[in-house]
Amino acid sequence: MTSQAQFLSDNAASVHPAIWDALRAADASDAPYDGDAHSASLDEKFSALFGRECEVLWVATGTAANCLALATMVQPHGGVVCHEEAHIEMDEGGAPGFYLHGAKLLLGEGDGAKLSPNSIRAVIDPIRDDVHQVQPHAISITQASEYGRVYRPEELAAISALAKERGLGLHMDGARFANAVAFLDVSAAEAAGDVDALSFGFVKNGGMTAEAIVFFDRGLADVARYRRKRAGHLQSKGRYLAAQLHAMLDGDVWLRNARSANAAAQEIAGACGERLMHDVEANEVFVRCSAAEREALRARGFGFYDWGDDAARFVTAWNTREEDARALAAAIAGL
């Protein structure tokens, strides 16, 4: 069994060859920061992908993408409605509070780590409109969610309508956005819905060190440029980040990679039966299994993370080999 049989995280996967080719091709003198030709052409390429005008800023991490996007929508005295298990709540080390200068996360509930208009209303409706309480300024949803669940276009439309009704910004954490697009088999625009900003993840999908913040509101992008510099994320050789984004979009590498990862996850899910904790709609598989069963799987060379005391999480990647996915499926079926 090779290292590719590990199912710890799609972050652990190797970098797609197209990225290395793009980095070598970009290894020439050009304007610094984001004044290079690669960075200058990102807006046009992403606008073509989404079928509407957008402005794109590269950053090195998903945490920076999420927090810089939200910082354009939320004042320090405001709040962001998100799921109680959202990445910005559970896995970003307090970065939202840091970047948003103390703005609060307002936590909602929902099956599969997905919000709904009703769960959002349950958070914001009890808040009085006075200076004594934190006022909601934005909503953040995750596509695909932290449990690998995907928002359908009609669900996105309902949340967007509520955001507009209440005058709230709408942000999408798209760390696994490509996997959601692949599952829905729709356009990128339909999988994003009418959001103000999208953190479009590439690192989990075969990228190396570049993520994109896609702004569909030019005013927000203008603010984010200053905040990116202030936060130390305006890299002096930005062309190398921009080149990675181009490489992922060219020839739909991003979508082919996501489809491959999703297919491997489905292979594993098919053997799990009633052990499955959530429908598998992206590239994460959550499986009920005891400590002894997890030990048995690890003894056979499979790497993964425990998920509480009685479950495990398996994550497939763009380069998960079919034979490794089948081997894990057989091992789970044999528990």
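1. Helix 14 spans residues 291-299; helices (H or I, at least four residues) and strands (E, at least two) are DSSP runs, numbered from the N terminus. Its buried residues are Glu293, Arg294 and Leu297, where buried means under 20% relative accessible area, exposed over 50%, and partly exposed in between (1.4 Å probe, protein chains only). These residues lie on the same side of helix 14, because they cover an arc of only 100° around the axis. The arc is that of the directions from the helix axis to the C-beta atoms. An α-helix has 3.6 residues a turn, so residues three or four places apart point the same way.

2. The structure is a predicted model, in which local features need pLDDT of at least 70 and side-chain atom pairs count only at pLDDT 80 or more, while totals for chains, interfaces and linings use all residues. Residues are numbered from 1 along each chain as its sequence is written, and side-chain values use heavy atoms, with hydrogens and water left out.

3. The surroundings of helix 14 may be described next. Its buried residues are covered by elements including strand 9 (305-306), strand 10 (311-315) and helix 15 (322-333). Ala292, Glu295 and Ala299 are exposed, on the face of helix 14 turned away from its buried side. Gly301, which follows helix 14, has a positive phi, near 100°.

4. The protein chain is divided into domain 1 (5-12 + 255-333) and domain 2 (17-249), with bounds that come from an automatic or database domain assignment. Their C-alpha centres lie 27 Å apart. To the contact (heavy atoms within 4.5 Å), domain 1 contributes 19 residues and domain 2 contributes 22 residues.

5. Domain 1 and domain 2 bury about 1,800 Å² between them, with 46% of it on carbon and sulfur atoms. Buried area is the accessible area (1.4 Å probe) that two parts lose on being put together, summed over both. The rule finds 4 salt bridges across this interface, a salt bridge being a side-chain nitrogen of Lys or Arg within 4 Å of a carboxyl oxygen of Asp or Glu. Arg149 and Glu281 form a salt bridge in which the closest N and O atoms are 3.7 Å apart.

6. Leu68 lies in helix 4 (residues 62-71) and is buried, with a relative accessible area of 1%. Apart from its neighbours within four places in sequence, Leu68 is in contact with Val59, Tyr99, Ile213, Arg227, Arg228 and Ala231. Met90 is 22 residues from Leu68 along the chain, and the C-alpha atoms of the two are separated by 17 Å.

7. A search of the whole structure finds 0 disulfides, a disulfide being a pair of cysteine sulfur atoms within 2.5 Å. Cys67 is in no disulfide, and the nearest cysteine sulfur, that of Cys82, is 11 Å away. Cys67 is buried at 0% relative accessibility; Cys54 is also buried, at 5%.

8. Gln143 and Ala144 are joined by a cis peptide bond, with omega about -5°; Ala144 lies in the loop between strand 4 (135-142) and helix 8 (153-166). His101, a residue other than glycine, has a positive phi near 55°; it is placed in the loop between helix 6 (95-99) and strand 3 (104-108) and is partly exposed, at 40% relative accessibility. Ala113 has a positive phi of about 65° although it is not a glycine. Ala113 lies in the loop between strand 3 and helix 7 (117-124) and is buried, with a relative accessible area of 3%.
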